[in-house]
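This report covers a surface patch and a set of charged contacts. The sequence and the structure come before the text.

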Amino acid sequence: MKNEEWKMKNEEWKFLTLLFVVVRLPYLLLEFPGNIYPDTAGSIGQFFGYPDFSAQLCSTDPTVILTNHHPVIYTLLFGGTIALGNQIGSQSFAVFLFLLMLTAFHSWLLARIFILLKPQGGTTAKPYNRTWWLCVAFVAIFPIYGFWSTLLLKDAFFSTAFLWFTLCLLQTELSGGQRLHDKSFLLQLFAATLLFLFSKNQCAYIVMLMLIALVLLRKFHYGRLAFALLPALLVYECFLHLLLPTLGVANVGRQELHGFLFQQTARYVKEFPDDVHPEEREAIARLLPYDRLANLYNPELQDPVKFSYNVNATAADYRPYYQAHLHMMLRHPGVVIASLWQNCSAYFYPSGRYPLFFPSMATDDPPTSGFYTLHPLITPQPSGMKAIMAIPLLGWLFDMGFYIPIALLGCIILFVQRMPLTILPLFISIGILILSPENGCFRYVMPILWLLPFEILLIANNKILKSNNVVLS
(Lines give C-alpha, C1' and ligand atoms only; values in the text may rest on other atoms or scores of the structure.)
Protein backbone atom coordinates (compact mmCIF):
# COMPACT_ATOMS: atom_id res chain seq x y z
CA MET A 1 0.00 0.00 0.00
CA LYS A 2 1.41 3.39 -1.01
CA ASN A 3 2.16 5.93 1.73
CA GLU A 4 -0.42 8.46 0.49
CA GLU A 5 -3.11 5.81 0.21
CA TRP A 6 -2.19 4.49 3.66
CA LYS A 7 -2.43 7.97 5.20
CA MET A 8 -5.82 8.55 3.60
CA LYS A 9 -7.20 5.25 4.88
CA ASN A 10 -5.75 5.93 8.32
CA GLU A 11 -7.58 9.26 8.44
CA GLU A 12 -10.80 7.53 7.33
CA TRP A 13 -10.42 4.95 10.12
CA LYS A 14 -10.04 7.72 12.66
CA PHE A 15 -13.05 9.61 11.30
CA LEU A 16 -15.36 6.57 11.33
CA THR A 17 -14.11 5.47 14.75
CA LEU A 18 -14.80 8.91 16.18
CA LEU A 19 -18.18 9.02 14.45
CA PHE A 20 -19.30 5.73 15.97
CA VAL A 21 -18.10 6.75 19.45
CA VAL A 22 -19.79 10.16 19.27
CA VAL A 23 -23.16 8.74 18.20
CA ARG A 24 -23.02 6.25 21.10
CA LEU A 25 -22.27 8.89 23.74
CA PRO A 26 -25.88 10.14 24.14
CA TYR A 27 -26.99 6.58 24.92
CA LEU A 28 -24.13 6.05 27.37
CA LEU A 29 -25.05 9.29 29.15
CA LEU A 30 -28.79 8.64 29.05
CA GLU A 31 -28.30 5.19 30.56
CA PHE A 32 -25.36 6.20 32.79
CA PRO A 33 -23.57 4.33 34.22
CA GLY A 34 -24.85 1.36 32.21
CA ASN A 35 -27.31 -1.51 32.32
CA ILE A 36 -26.78 -4.66 34.36
CA TYR A 37 -28.10 -8.06 33.35
CA PRO A 38 -28.69 -10.94 35.82
CA ASP A 39 -25.79 -12.98 34.38
CA THR A 40 -23.51 -10.00 34.96
CA ALA A 41 -24.59 -9.85 38.60
CA GLY A 42 -23.68 -13.54 38.92
CA SER A 43 -20.16 -12.88 37.61
CA ILE A 44 -19.69 -9.95 39.98
CA GLY A 45 -20.86 -12.04 42.94
CA GLN A 46 -18.36 -14.78 42.11
CA PHE A 47 -15.55 -12.23 41.88
CA PHE A 48 -16.26 -11.14 45.46
CA GLY A 49 -16.41 -14.70 46.74
CA TYR A 50 -20.15 -15.39 46.66
CA PRO A 51 -21.26 -18.28 44.43
CA ASP A 52 -24.40 -17.86 42.34
CA PHE A 53 -26.75 -20.64 41.20
CA SER A 54 -24.20 -21.87 38.63
CA ALA A 55 -22.05 -23.36 41.42
CA GLN A 56 -24.73 -25.99 42.09
CA LEU A 57 -25.15 -26.63 38.35
CA CYS A 58 -21.46 -27.07 37.60
CA SER A 59 -20.09 -28.92 40.62
CA THR A 60 -20.96 -31.19 43.53
CA ASP A 61 -18.24 -29.56 45.64
CA PRO A 62 -19.92 -27.13 48.10
CA THR A 63 -16.71 -25.10 48.39
CA VAL A 64 -16.70 -24.13 44.70
CA ILE A 65 -17.28 -20.43 44.12
CA LEU A 66 -15.94 -19.73 40.64
CA THR A 67 -17.44 -21.44 37.60
CA ASN A 68 -17.07 -21.16 33.85
CA HIS A 69 -20.86 -21.14 33.41
CA HIS A 70 -20.36 -17.41 32.95
CA PRO A 71 -16.93 -17.49 31.25
CA VAL A 72 -14.18 -16.63 33.70
CA ILE A 73 -13.10 -13.67 31.58
CA TYR A 74 -16.33 -11.93 32.57
CA THR A 75 -15.88 -12.66 36.24
CA LEU A 76 -12.53 -10.89 36.02
CA LEU A 77 -13.73 -8.04 33.81
CA PHE A 78 -17.03 -7.23 35.50
CA GLY A 79 -15.95 -7.99 39.05
CA GLY A 80 -12.68 -6.16 38.44
CA THR A 81 -14.60 -3.12 37.21
CA ILE A 82 -16.61 -2.96 40.43
CA ALA A 83 -13.43 -3.49 42.47
CA LEU A 84 -11.81 -0.61 40.58
CA GLY A 85 -14.85 1.50 41.39
CA ASN A 86 -14.39 0.69 45.08
CA GLN A 87 -10.78 1.85 44.86
CA ILE A 88 -11.53 5.15 43.10
CA GLY A 89 -14.66 5.84 45.13
CA SER A 90 -17.27 5.45 42.39
CA GLN A 91 -18.54 2.16 41.07
CA SER A 92 -20.76 4.06 38.65
CA PHE A 93 -17.84 5.89 37.06
CA ALA A 94 -15.86 2.64 36.77
CA VAL A 95 -18.74 0.93 34.94
CA PHE A 96 -19.17 3.94 32.64
CA LEU A 97 -15.43 4.00 31.92
CA PHE A 98 -15.42 0.28 31.07
CA LEU A 99 -18.37 0.68 28.69
CA LEU A 100 -16.78 3.73 27.09
CA MET A 101 -13.53 1.82 26.47
CA LEU A 102 -15.43 -1.15 25.06
CA THR A 103 -17.40 1.22 22.83
CA ALA A 104 -14.17 2.79 21.56
CA PHE A 105 -12.62 -0.60 20.73
CA HIS A 106 -15.83 -1.81 19.12
CA SER A 107 -16.07 1.40 17.07
CA TRP A 108 -12.47 1.01 15.93
CA LEU A 109 -13.22 -2.53 14.71
CA LEU A 110 -16.36 -1.35 12.92
CA ALA A 111 -14.36 1.39 11.22
CA ARG A 112 -11.63 -1.02 10.12
CA ILE A 113 -14.11 -3.37 8.50
CA PHE A 114 -15.96 -0.55 6.78
CA ILE A 115 -12.71 0.87 5.39
CA LEU A 116 -11.64 -2.59 4.30
CA LEU A 117 -14.89 -2.91 2.35
CA LYS A 118 -14.86 0.63 0.97
CA PRO A 119 -14.93 0.83 -2.85
CA GLN A 120 -11.69 1.92 -4.50
CA GLY A 121 -13.35 4.27 -7.00
CA GLY A 122 -14.35 4.14 -10.64
CA THR A 123 -17.75 4.43 -12.25
CA THR A 124 -18.61 0.79 -11.60
CA ALA A 125 -18.22 1.37 -7.86
CA LYS A 126 -20.78 4.19 -7.62
CA PRO A 127 -23.85 2.01 -6.83
CA TYR A 128 -21.80 0.10 -4.29
CA ASN A 129 -20.52 3.39 -2.86
CA ARG A 130 -24.11 4.44 -2.08
CA THR A 131 -24.74 1.08 -0.42
CA TRP A 132 -21.58 1.52 1.63
CA TRP A 133 -22.70 4.90 2.95
CA LEU A 134 -26.18 3.57 3.73
CA CYS A 135 -24.65 0.77 5.81
CA VAL A 136 -22.41 3.25 7.64
CA ALA A 137 -25.44 5.42 8.37
CA PHE A 138 -27.46 2.44 9.58
CA VAL A 139 -24.76 1.36 12.05
CA ALA A 140 -24.34 4.95 13.22
CA ILE A 141 -28.02 5.90 13.56
CA PHE A 142 -30.01 2.74 14.31
CA PRO A 143 -30.90 3.18 18.02
CA ILE A 144 -30.59 -0.50 18.92
CA TYR A 145 -26.83 -0.28 18.41
CA GLY A 146 -26.73 2.70 20.74
CA PHE A 147 -28.70 0.90 23.43
CA TRP A 148 -26.47 -2.16 23.13
CA SER A 149 -23.44 0.02 23.91
CA THR A 150 -24.89 0.63 27.39
CA LEU A 151 -24.86 -3.03 28.41
CA LEU A 152 -22.44 -4.42 30.99
CA LEU A 153 -23.16 -7.81 29.52
CA LYS A 154 -21.13 -10.76 28.31
CA ASP A 155 -22.80 -10.75 24.89
CA ALA A 156 -21.73 -7.14 24.31
CA PHE A 157 -18.10 -8.17 24.86
CA PHE A 158 -18.67 -11.37 22.87
CA SER A 159 -19.95 -9.31 19.93
CA THR A 160 -16.75 -7.26 20.02
CA ALA A 161 -14.60 -10.40 20.01
CA PHE A 162 -16.75 -11.81 17.19
CA LEU A 163 -16.17 -8.61 15.19
CA TRP A 164 -12.39 -8.80 15.62
CA PHE A 165 -12.33 -12.46 14.64
CA THR A 166 -14.43 -11.70 11.55
CA LEU A 167 -12.14 -8.82 10.60
CA CYS A 168 -9.19 -11.23 10.52
CA LEU A 169 -11.11 -13.74 8.43
CA LEU A 170 -12.21 -11.01 6.04
CA GLN A 171 -8.64 -9.79 5.60
CA THR A 172 -7.58 -13.36 4.87
CA GLU A 173 -10.39 -13.86 2.35
CA LEU A 174 -9.92 -10.60 0.44
CA SER A 175 -6.15 -11.04 0.21
CA GLY A 176 -6.48 -14.54 -1.20
CA GLY A 177 -4.59 -15.85 1.80
CA GLN A 178 -1.61 -13.52 1.36
CA ARG A 179 -2.07 -12.02 4.84
CA LEU A 180 -1.27 -15.43 6.32
CA HIS A 181 2.36 -14.92 5.22
CA ASP A 182 2.61 -11.88 7.50
CA LYS A 183 3.85 -12.85 10.97
CA SER A 184 2.30 -9.80 12.64
CA PHE A 185 -1.06 -10.67 11.10
CA LEU A 186 -0.77 -14.27 12.30
CA LEU A 187 -0.17 -12.96 15.81
CA GLN A 188 -3.26 -10.73 15.50
CA LEU A 189 -5.28 -13.69 14.22
CA PHE A 190 -4.11 -15.83 17.14
CA ALA A 191 -5.05 -13.11 19.66
CA ALA A 192 -8.45 -12.51 18.03
CA THR A 193 -9.23 -16.23 17.93
CA LEU A 194 -8.19 -16.70 21.55
CA LEU A 195 -10.34 -13.77 22.72
CA PHE A 196 -13.22 -15.14 20.67
CA LEU A 197 -12.86 -18.54 22.38
CA PHE A 198 -12.68 -17.02 25.86
CA SER A 199 -15.71 -14.80 25.25
CA LYS A 200 -18.36 -17.53 24.98
CA ASN A 201 -18.38 -21.25 25.74
CA GLN A 202 -19.99 -22.10 22.39
CA CYS A 203 -17.09 -20.54 20.44
CA ALA A 204 -14.96 -23.66 20.80
CA TYR A 205 -17.59 -25.56 18.81
CA ILE A 206 -17.68 -22.78 16.19
CA VAL A 207 -13.90 -22.92 15.72
CA MET A 208 -13.90 -26.74 15.61
CA LEU A 209 -16.65 -26.75 12.97
CA MET A 210 -14.68 -24.13 11.04
CA LEU A 211 -11.58 -26.32 11.11
CA ILE A 212 -13.56 -29.24 9.72
CA ALA A 213 -15.05 -27.03 7.00
CA LEU A 214 -11.65 -25.63 6.06
CA VAL A 215 -10.29 -29.13 5.56
CA LEU A 216 -13.26 -30.06 3.38
CA LEU A 217 -12.90 -26.91 1.24
CA ARG A 218 -9.41 -28.06 0.22
CA LYS A 219 -7.88 -24.71 -0.63
CA PHE A 220 -4.23 -24.18 0.22
CA HIS A 221 -4.58 -20.89 2.10
CA TYR A 222 -7.54 -22.33 4.00
CA GLY A 223 -5.19 -25.05 5.20
CA ARG A 224 -2.74 -22.38 6.37
CA LEU A 225 -5.60 -20.70 8.21
CA ALA A 226 -6.51 -23.99 9.89
CA PHE A 227 -2.96 -24.27 11.21
CA ALA A 228 -3.26 -20.71 12.49
CA LEU A 229 -6.54 -21.37 14.32
CA LEU A 230 -5.47 -24.67 15.86
CA PRO A 231 -2.88 -23.27 18.35
CA ALA A 232 -5.47 -20.88 19.80
CA LEU A 233 -7.93 -23.75 20.20
CA LEU A 234 -5.28 -25.90 21.90
CA VAL A 235 -4.39 -23.08 24.33
CA TYR A 236 -8.06 -22.62 25.16
CA GLU A 237 -8.60 -26.35 25.73
CA CYS A 238 -5.58 -26.47 28.06
CA PHE A 239 -6.99 -23.50 29.95
CA LEU A 240 -10.38 -25.18 30.18
CA HIS A 241 -9.36 -28.69 31.14
CA LEU A 242 -6.00 -28.24 32.88
CA LEU A 243 -5.70 -24.77 34.38
CA LEU A 244 -9.27 -24.19 35.61
CA PRO A 245 -9.52 -27.49 37.55
CA THR A 246 -6.12 -26.78 39.11
CA LEU A 247 -7.40 -23.39 40.30
CA GLY A 248 -10.60 -24.91 41.69
CA VAL A 249 -12.82 -23.36 39.02
CA ALA A 250 -15.72 -25.57 37.92
CA ASN A 251 -16.35 -26.03 34.24
CA VAL A 252 -19.76 -25.45 32.70
CA GLY A 253 -22.34 -28.05 33.74
CA ARG A 254 -23.65 -30.73 31.41
CA GLN A 255 -27.09 -29.14 31.36
CA GLU A 256 -25.95 -26.57 28.80
CA LEU A 257 -24.99 -29.12 26.17
CA HIS A 258 -28.03 -31.31 26.90
CA GLY A 259 -30.61 -28.56 27.32
CA PHE A 260 -32.40 -29.13 24.02
CA LEU A 261 -32.51 -32.90 24.63
CA PHE A 262 -33.92 -32.40 28.13
CA GLN A 263 -36.48 -29.99 26.67
CA GLN A 264 -37.64 -32.60 24.14
CA THR A 265 -37.88 -35.23 26.87
CA ALA A 266 -40.03 -32.96 29.05
CA ARG A 267 -42.35 -32.20 26.15
CA TYR A 268 -42.69 -35.91 25.38
CA VAL A 269 -43.54 -36.71 29.01
CA LYS A 270 -46.10 -33.92 29.00
CA GLU A 271 -47.79 -34.92 25.74
CA PHE A 272 -47.39 -38.71 25.81
CA PRO A 273 -47.15 -39.78 29.46
CA ASP A 274 -48.74 -43.15 28.74
CA ASP A 275 -46.23 -43.95 25.99
CA VAL A 276 -43.11 -43.94 28.15
CA HIS A 277 -41.77 -47.45 28.73
CA PRO A 278 -40.68 -48.42 32.26
CA GLU A 279 -37.01 -48.71 31.30
CA GLU A 280 -37.21 -45.31 29.59
CA ARG A 281 -38.76 -43.76 32.66
CA GLU A 282 -35.99 -45.20 34.79
CA ALA A 283 -33.30 -43.85 32.45
CA ILE A 284 -34.85 -40.38 32.46
CA ALA A 285 -35.25 -40.38 36.24
CA ARG A 286 -31.50 -40.82 36.67
CA LEU A 287 -30.96 -37.40 35.13
CA LEU A 288 -34.21 -35.46 35.59
CA PRO A 289 -37.06 -35.30 38.14
CA TYR A 290 -39.45 -37.39 36.05
CA ASP A 291 -42.60 -36.71 38.09
CA ARG A 292 -42.14 -32.95 37.78
CA LEU A 293 -41.09 -32.72 34.13
CA ALA A 294 -44.56 -32.01 32.73
CA ASN A 295 -45.00 -29.08 35.12
CA LEU A 296 -41.47 -27.79 34.64
CA TYR A 297 -41.78 -27.70 30.85
CA ASN A 298 -41.87 -24.22 29.36
CA PRO A 299 -41.95 -24.40 25.54
CA GLU A 300 -39.92 -21.18 25.18
CA LEU A 301 -37.36 -21.61 27.93
CA GLN A 302 -35.12 -24.58 28.70
CA ASP A 303 -33.97 -23.34 32.10
CA PRO A 304 -36.72 -24.83 34.35
CA VAL A 305 -36.03 -28.31 32.97
CA LYS A 306 -32.29 -28.24 32.46
CA PHE A 307 -31.55 -26.55 35.79
CA SER A 308 -33.28 -29.43 37.56
CA TYR A 309 -30.85 -32.04 36.19
CA ASN A 310 -28.93 -34.37 38.47
CA VAL A 311 -25.43 -32.92 38.75
CA ASN A 312 -24.25 -36.18 40.35
CA ALA A 313 -25.15 -38.28 37.30
CA THR A 314 -22.27 -40.17 35.74
CA ALA A 315 -21.44 -41.00 32.13
CA ALA A 316 -22.98 -44.43 32.75
CA ASP A 317 -26.28 -42.69 33.57
CA TYR A 318 -26.29 -40.76 30.33
CA ARG A 319 -25.92 -43.75 27.99
CA PRO A 320 -29.34 -45.31 28.72
CA TYR A 321 -30.87 -41.83 28.60
CA TYR A 322 -29.58 -41.30 25.06
CA GLN A 323 -31.08 -44.64 24.03
CA ALA A 324 -34.41 -43.89 25.68
CA HIS A 325 -34.53 -40.42 24.12
CA LEU A 326 -33.83 -41.82 20.65
CA HIS A 327 -36.52 -44.51 20.91
CA MET A 328 -39.10 -42.03 22.21
CA MET A 329 -38.41 -39.48 19.49
CA LEU A 330 -38.58 -42.14 16.79
CA ARG A 331 -42.06 -43.04 18.03
CA HIS A 332 -43.19 -39.40 18.02
CA PRO A 333 -40.78 -37.37 15.83
CA GLY A 334 -43.13 -34.40 15.90
CA VAL A 335 -41.97 -33.75 19.46
CA VAL A 336 -38.48 -32.91 18.19
CA ILE A 337 -39.75 -30.47 15.57
CA ALA A 338 -42.31 -28.80 17.84
CA SER A 339 -39.88 -28.54 20.76
CA LEU A 340 -37.13 -26.99 18.67
CA TRP A 341 -39.44 -24.61 16.81
CA GLN A 342 -41.20 -23.27 19.89
CA ASN A 343 -37.83 -22.63 21.48
CA CYS A 344 -36.41 -20.69 18.51
CA SER A 345 -39.32 -19.43 16.37
CA ALA A 346 -38.90 -15.78 17.36
CA TYR A 347 -35.51 -15.67 15.65
CA PHE A 348 -36.84 -16.64 12.24
CA TYR A 349 -39.94 -14.53 11.66
CA PRO A 350 -41.14 -11.15 13.00
CA SER A 351 -43.61 -12.11 15.71
CA GLY A 352 -43.92 -8.67 17.32
CA ARG A 353 -43.25 -10.17 20.75
CA TYR A 354 -39.48 -10.10 21.20
CA PRO A 355 -37.65 -6.75 20.92
CA LEU A 356 -33.94 -6.31 20.25
CA PHE A 357 -33.52 -4.71 23.66
CA PHE A 358 -35.09 -5.28 27.06
CA PRO A 359 -38.34 -3.34 27.51
CA SER A 360 -36.63 -1.98 30.62
CA MET A 361 -33.23 -2.53 32.20
CA ALA A 362 -32.34 -2.10 35.87
CA THR A 363 -29.05 -0.65 37.04
CA ASP A 364 -29.48 -1.41 40.75
CA ASP A 365 -28.27 -4.60 42.35
CA PRO A 366 -30.86 -6.57 44.36
CA PRO A 367 -30.64 -5.14 47.88
CA THR A 368 -29.90 -8.51 49.47
CA SER A 369 -26.43 -8.95 47.95
CA GLY A 370 -24.80 -5.53 48.15
CA PHE A 371 -21.97 -6.23 45.69
CA TYR A 372 -22.56 -2.97 43.89
CA THR A 373 -24.79 0.08 43.94
CA LEU A 374 -24.90 2.09 40.74
CA HIS A 375 -26.35 5.57 40.67
CA PRO A 376 -27.93 6.66 37.37
CA LEU A 377 -27.93 10.28 36.27
CA ILE A 378 -31.54 9.93 35.17
CA THR A 379 -34.21 7.74 36.74
CA PRO A 380 -34.34 4.58 34.56
CA GLN A 381 -37.33 4.52 32.24
CA PRO A 382 -38.82 1.78 30.04
CA SER A 383 -37.03 1.66 26.69
CA GLY A 384 -40.29 1.81 24.74
CA MET A 385 -39.38 -1.15 22.55
CA LYS A 386 -42.73 -2.88 23.08
CA ALA A 387 -44.66 0.20 21.98
CA ILE A 388 -42.55 0.64 18.85
CA MET A 389 -42.95 -3.02 17.92
CA ALA A 390 -46.73 -2.61 17.96
CA ILE A 391 -46.51 -0.21 14.97
CA PRO A 392 -47.22 -2.14 11.73
CA LEU A 393 -44.12 -2.69 9.54
CA LEU A 394 -42.04 -0.09 11.42
CA GLY A 395 -42.05 -2.45 14.39
CA TRP A 396 -40.21 -5.05 12.31
CA LEU A 397 -37.06 -2.90 12.47
CA PHE A 398 -36.92 -3.62 16.21
CA ASP A 399 -37.88 -7.31 15.92
CA MET A 400 -35.08 -9.86 15.80
CA GLY A 401 -37.20 -12.13 13.62
CA PHE A 402 -36.94 -9.61 10.77
CA TYR A 403 -33.15 -9.70 10.57
CA ILE A 404 -32.14 -13.32 11.10
CA PRO A 405 -33.81 -14.61 7.89
CA ILE A 406 -32.03 -11.82 5.99
CA ALA A 407 -28.71 -12.82 7.54
CA LEU A 408 -29.36 -16.49 6.71
CA LEU A 409 -30.20 -15.63 3.10
CA GLY A 410 -27.03 -13.55 2.93
CA CYS A 411 -24.97 -16.51 4.09
CA ILE A 412 -26.44 -18.67 1.34
CA ILE A 413 -25.71 -16.03 -1.32
CA LEU A 414 -22.12 -15.65 -0.12
CA PHE A 415 -21.63 -19.40 -0.21
CA VAL A 416 -22.81 -19.33 -3.83
CA GLN A 417 -20.41 -16.44 -4.49
CA ARG A 418 -17.65 -18.63 -3.06
CA MET A 419 -16.82 -16.49 -0.04
CA PRO A 420 -17.49 -19.12 2.62
CA LEU A 421 -14.58 -18.35 4.94
CA THR A 422 -15.73 -14.97 6.25
CA ILE A 423 -19.30 -16.08 6.73
CA LEU A 424 -18.73 -19.45 8.44
CA PRO A 425 -18.87 -18.18 12.07
CA LEU A 426 -21.99 -16.15 11.30
CA PHE A 427 -23.67 -19.09 9.58
CA ILE A 428 -22.85 -21.45 12.46
CA SER A 429 -24.13 -18.88 14.98
CA ILE A 430 -27.46 -18.69 13.16
CA GLY A 431 -27.63 -22.50 13.28
CA ILE A 432 -26.96 -22.45 17.03
CA LEU A 433 -30.11 -20.35 17.47
CA ILE A 434 -32.11 -23.46 16.59
CA LEU A 435 -30.82 -25.04 19.80
CA SER A 436 -31.26 -21.81 21.73
CA PRO A 437 -32.04 -22.21 25.45
CA GLU A 438 -34.42 -19.25 25.31
CA ASN A 439 -36.78 -18.12 22.60
CA GLY A 440 -36.49 -14.49 21.57
CA CYS A 441 -33.51 -13.51 23.74
CA PHE A 442 -31.99 -10.34 22.30
CA ARG A 443 -28.53 -11.29 23.62
CA TYR A 444 -28.17 -14.17 21.19
CA VAL A 445 -28.68 -12.08 18.04
CA MET A 446 -26.31 -9.23 18.94
CA PRO A 447 -23.23 -10.41 16.99
CA ILE A 448 -25.39 -11.44 14.03
CA LEU A 449 -26.98 -8.01 13.73
CA TRP A 450 -23.64 -6.22 14.14
CA LEU A 451 -22.28 -8.21 11.19
CA LEU A 452 -25.35 -7.90 8.96
CA PRO A 453 -24.29 -4.59 7.28
CA PHE A 454 -20.94 -6.12 6.31
CA GLU A 455 -22.66 -9.18 4.93
CA ILE A 456 -24.81 -6.88 2.77
CA LEU A 457 -21.70 -5.06 1.51
CA LEU A 458 -20.01 -8.30 0.53
CA ILE A 459 -23.08 -9.35 -1.40
CA ALA A 460 -23.66 -5.90 -2.95
CA ASN A 461 -20.55 -5.95 -5.07
CA ASN A 462 -18.40 -8.98 -4.53
CA LYS A 463 -16.68 -8.61 -7.90
CA ILE A 464 -15.59 -5.02 -7.26
CA LEU A 465 -14.09 -5.99 -3.91
CA LYS A 466 -12.14 -8.85 -5.45
CA SER A 467 -10.93 -6.79 -8.40
CA ASN A 468 -9.66 -4.08 -6.05
CA ASN A 469 -7.61 -6.69 -4.16
CA VAL A 470 -8.00 -4.78 -0.89
CA VAL A 471 -5.27 -5.62 1.61
CA LEU A 472 -4.74 -4.03 5.03
CA SER A 473 -1.43 -4.04 6.82
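## Surface patch and salt bridges

Leucine 97 counts as partly exposed because its relative accessibility is 30%. The model described here is a predicted one. Leucine 97 belongs to helix α5. Together with Leu84, Ile88, Phe93 and Met101, Leu97 makes a nonpolar surface patch of about 460 Å².

Which helices supply residues to this patch? At least two residues come from each of α4 (72-88) and α5 (91-116). The largest contribution is that of α5, with three residues.

The charged contacts are the second topic. A search of the whole structure gives 16 salt bridges.

| Salt bridge | Closest N and O atoms |
|---|---|
| Lysine 14 and glutamate 11 | 4.0 Å |
| Arginine 331 and glutamate 280 | 2.8 Å |
| Aspartate 303 and lysine 306 | 3.7 Å |

Lysine 14 and glutamate 11 both lie in helix α1 (residues 3-30), and because they are three residues apart there, about one helical turn separates them. With a relative accessibility of 48%, lysine 14 counts as partly exposed.

Where in the chain do arginine 331 and glutamate 280 lie? Arginine 331 is in helix α16 (residues 315-331), while glutamate 280 is in helix α13 (residues 278-285). The two are 51 residues apart, and the pair links distant parts of the chain. Is glutamate 280 buried or exposed? Its relative accessibility is 3%, so glutamate 280 counts as buried; the cut-off for buried is under 20%. Arginine 331 has a relative accessibility of 29% and therefore counts as partly exposed.

The pair of aspartate 303 and lysine 306 sits within helix α15 (residues 303-306), where the two are three residues apart and so separated by about one helical turn. Aspartate 303 counts as partly exposed, at 23% relative accessibility. Lysine 306, at 2% relative accessibility, counts as buried. Elsewhere, salt bridges that share partners join five residues into one network: Asp39, Lys154, Asp155, Lys200 and Arg443.

Definitions and conventions:
Residues are numbered from 1 along each chain as its sequence is written. This is a predicted model: local features need pLDDT of at least 70, side-chain atom pairs count only at pLDDT 80 or more; totals for chains, interfaces and linings use all residues. Side-chain values use heavy atoms; hydrogens and water are left out. Patches are made of residues with over 30% relative accessible area and no salt bridge: like charges are joined within 9 Å, nonpolar side chains (Val, Leu, Ile, Met, Phe, Trp, Tyr) within 5 Å. Accessible areas come from the Shrake-Rupley method with a 1.4 Å probe; for residues, only the protein chains shown count as cover. A salt bridge is a side-chain nitrogen of Lys or Arg within 4 Å of a carboxyl oxygen of Asp or Glu. Helices (H or I, at least four residues) and strands (E, at least two) are DSSP runs, numbered from the N terminus. Buried means under 20% relative accessible area, exposed over 50%, partly exposed in between (1.4 Å probe, protein chains only).
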